[in-house]
Structures are given as structure tokens and as C-alpha cells.
Amino acid sequence: MKHRRVLRAAVTIAVTGALATGMTMVLTTGASAGTTLGAAAAEKGRYFGAAVAVNKLSTSAYTTILNREFNSVVAENEMKWASNEPQQGVFNHSSGDRLVSHAQANGMSVRGHTLLWHAQQPGWAQGMSGSALRNAAINHVTQVASHYRGKIHSWDVVNEAFADGGSGGRRDSNLQRTGNDWIEAAFRAARAADPGAKLCYNDYNTDGINAKSTGIYNMVRDFKSRGVPIDCVGFQSHLGTSLASDYQANLQRFADLGVDVQITELDVMTGGNQANIFGAVTRACLAVSRCTGITTWGVRDCDSWRGSDNALLFDCNGNKKAAYTNVLNALNAGPGIPTTPPTTTPPPTDPPPTTPPPTTGGCSASVSLNSWNGGFVASVKVTAGSAGTNGWNVSVTLPSGASVTNTWSATASGSSGTVRFASVDYNSRLTAGQVAEFGFQGTGSGAGMTPTCTAS
Ligand code: G3I
């Protein structure tokens, strides 16, 4: 501690002296040093976030640190299934909305956690199985992602679906028992509901190259090869007293698949190594150009689910710990993301539409389907012809036995047979060639639907 104080004093004197004499200070990275975690991360093209217990937003000692240091937030519990759909079809977004408002008022981005997870399910879902559960789960993804559409930087679409131990396979759960394709069905529904959000798979015990992380790696590689829309992988990083030597290499191998990586729930066991591990994780993220941000799972030690582990960057009085200094220094010393980061131009991942868009008059529509046994989500692209549109209608004839259960970004008339979808306020007026997207979920089979579009 004494050593650090002396060092800090020396730096202060050097900076003050340089300013007084009009000299230019050149820092190692060529940029000015950030004095908070968020500012330092932003200078390197990243975010630095914290998990927030929404009821603590009323505690000023808490929000003072949150607002000063962090430029990203995630709800620790309030956007989980048990919290926001306590009864089937009855949604309560009040706590999540409060966090989003706080973030928007303070210039923070928001991670969404989590759309589907085997834990913290509402009681009604815990008691379901088969296609009833699958439909309820996909409806949950659709409704929640639609509610927050345009407001979420990255969604943890699916959380902790892989087993611990050496199998490298999926964890058993009620969701898994609906069929192995439940994860990709969730990602497709999330993409349809919020095309602007990065869609992540998130898990723990993936802090190096091991059987579990390799199982996930193989899933991501498979998703990329088949066009399942996945953009990022979250590494929770609930860490003990050492860090795997291949932590960075593991991040890099995922990045090399063409997804972003994020450190999503970082906390570290207290003890001699805590500060070093926090610093090493930060350096590893900065060394991987597709590592786009770090989130700690809480603000102060006493806010943490790990209790006496004192696992965070601020002590219970809100003081910065040695770990904080290591993280800040690592952020300031690290490389930035290249000016044209790969994250801004992800390869297209959605499956090709069933019909090509038009080039002349009126409008046209194409549909892509995400089906499972007993249900489907249809994503529809409406493309304006050369005259543009003031409004549009898309008609779809459903196969016999199929019916629409919910619709987003359009208004549906009817639910079976021929269903008409009309544009809504914000997507009625399209210029020539402009594309609007809407979607609907249905029960039964959606195979073979051919949409027709008329423009006004
Ligand atoms: O809000 C109720 C309160 O009304 C009630 O009196 C009290 C009695 O037990 O429970 C309170 O809810 C608790 C909630 O945290 C809020 O404090 C739940 O019981 C408790 O289970 C819940 O724990 C959360 C845990 O996920 C649930 O599995 C932790 O706060 C949260 O930090 C933790 O976060 C997870 C991530 O979502 C996924 N990765 C692992 C991470 C740590 O376990």
C-alpha cells in the first residue's frame, strides 16, 4: 500500500510538473488515462459494467459509485423469468424498466439477463413440459425481447445450459427435455423480436479450455455454420484464488469463430491473489479485440451474492480496493479495439428468406421460419417497392390446424386461415427499397406459408 501511495504521488508530481511547464504527457497508449472504470474502458472501445440490484438504486452511497464508475448495467435478478412473467402471459417489467431508465438517464448501456435459464423459472413454468413448455418459453423470449426492443446492448438469450464435469454436453433441465433445438429456437425468436441486440450464450466454469467450454465452443461453431443468429458468448468468470493460464486463449478461440466475447459476471475470491486476478482478466479481455466489455457481478463487496468472499472492486464502505486499481491500470495500459472493429460488421447469420425482395412498385414480403414440434416463430421482412409506402398489409394463409398466438411490430386480423398483418405507426412509411420487419408466433406447423404484400 505504502509503495503504491509513493508511486501515485510520483505520478501526480510528474503530471503536475508537465502541465505547469506546458509539456505534452504521452501515455503508453497514446490516449489520455481514464480516471474511472467506465471512462478508461470507453477509451479502449469497451464498456465496464456492474450487476445492479434494482432496489438499491434508491441508496445514494450505491448509486454514487455506480454512476461515477460504470457505463453499463445488468439486472442481477429483475429480468429473469420468475421476476417478469410471474403468471403465464402476465408480464411485469416495472423493475427492469426502472433499471433501463436509470441507464438511459446516465448514459449507460444495458445487458439483458436472461431470457431462458433452468433456474429462477416461475412456478408455473417449472411444472410444464413438452410443447406446452416450449411454446411458453419461446413466447417469453419474444415478449420480453420485444418489450425491450432497441434498448438492450446484449441479451443473455440462454444461460447455463451446459453441464459441469467432463461430459461437455448439455445440462438436464425441463427446457432441455423439450428437445435439443431449444437453444437455437430461443436465439431465432430473440433475433426476430429485437434485431438490434447482440445475442449471447452465457455460462460459468468456462474460464479456460476445458470440457465444458469446448462443448459450448462446438455449439457456437455449429450455430455459425448453420446460420443460427448468435453474436456473442458471455464468460461469467466467478473466480477463485487462481486464473487458468489459458483464460485469454479460450476467449480468443471463441472470437476466432466470429462472435464477440464478454466477461459477464466477474467476481474473485478475496485473498492475496484477488487484485492480480482482476488485473489479469482485464488484460486478457483487452488483448482480444472482440472482447467488448467487462461486467462485475455487483458494486460493493456487501452487495455480492458471494457474501464473505469480498469478491468485488469496492469494499462495503464504497472504498476502492487494490483490485480496483489493478483493473483501472490494466484498462489504461491496454490496447484499444481497432478503428474498424470486426464487431461492427458481423457476417449475416439469419437463414435466407423464402422469397427474394422486389425491385419495383408496391411491396413484397418474405418469411423465414423457426419451427419446432408443435409451434413456430415466423419473421417477416417487408420490402417497399420503387414508390415507397404509406402503409402496408401482409396476408398469410396458415396451414390447416395452425394459429397465430401473438404478433409483434404489426397488427393481426384473425388468427387462423388467412391472417392479415397491418403495419403499425412506426413502420408504415417506408422509402423505396426500405425494409420493415415484423413477426408472429404460432402453434401447429407454419410450413409452406407464402406472404403477399400490398402497399398504400
Ligand atoms: O427477493 C427475495 C426476497 O423477497 C425474499 O425475502 C428472499 C428470501 O430468500 O429472497 C429474495 O430473492 C433472492 C434473490 O436472489 C434476490 O436477493 C433469491 O432467494 C435468491 O435465490 C436470488 O439469488 C440470485 C441467484 O442468481 C439466483 O440463482 C442472486 O441474487 C444472483 O446474484 C444470482 O446471479 C447468478 C446469475 O443470474 C447467473 N450466474 C450465476 C450468478 C450467481 O449465482
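Predicted model: local features only at pLDDT ≥ 70, side-chain atom pairs only at ≥ 80, totals over all residues.
Visitor: Is the crossing of α7 and α8 left-handed or right-handed?
Guide: Two packed helices are described by the angle between their axes and the distance between the axes. For α7 and α8 the sense of the crossing can be given as well, and the crossing is right-handed.

Visitor: How do the residues of the contact of α7 with α8 divide into nonpolar, polar and charged?
Guide: On the α7 side the contact is made by Arg-134, Ile-138, Val-141, Thr-142, Ala-145 and Ser-146, and on the α8 side by Trp-182, Ala-185, Ala-186, Ala-189, Ala-190 and Ala-193. Taken together, these residues divide into 9 nonpolar, 2 polar and 1 charged.

Visitor: What kind of aromatic pair do Phe-162 and Tyr-201 form?
Guide: Phe-162 lies in the loop between β4 and α8, whereas Tyr-201 lies in strand β5, 39 residues apart, and the pair therefore links distant parts of the chain. Both Phe-162 and Tyr-201 are buried. Their rings lie 5.9 Å centre to centre with 80° between the planes, and because planes over 60 degrees apart count as edge-to-face, the pair is edge-to-face.

Visitor: Which residues do ring pairs link into a cluster?
Guide: The count for the model comes to 13 aromatic pairs. Ring pairs link into a cluster the residues Phe-376, Trp-392, Phe-421, Phe-438 and Phe-440.

Technical notes. Residues numbered from 1 in each chain as written. Heavy atoms only, no water. Left-handed = near helix turned anticlockwise from the far one by under 90°. Helix = DSSP H or I, 4+ residues; strand = E, 2+ residues; numbered from the N terminus. Contact = heavy atoms within 4.5 Å. Nonpolar A, V, L, I, M, F, W, Y, C, P; charged D, E, K, R; others polar. Phe/Tyr/Trp six-rings, centres within 6.5 Å; stacked < 30°, edge-to-face > 60°. Buried < 20%, exposed > 50% of the residue type's maximum accessible area, 1.4 Å probe, protein only.
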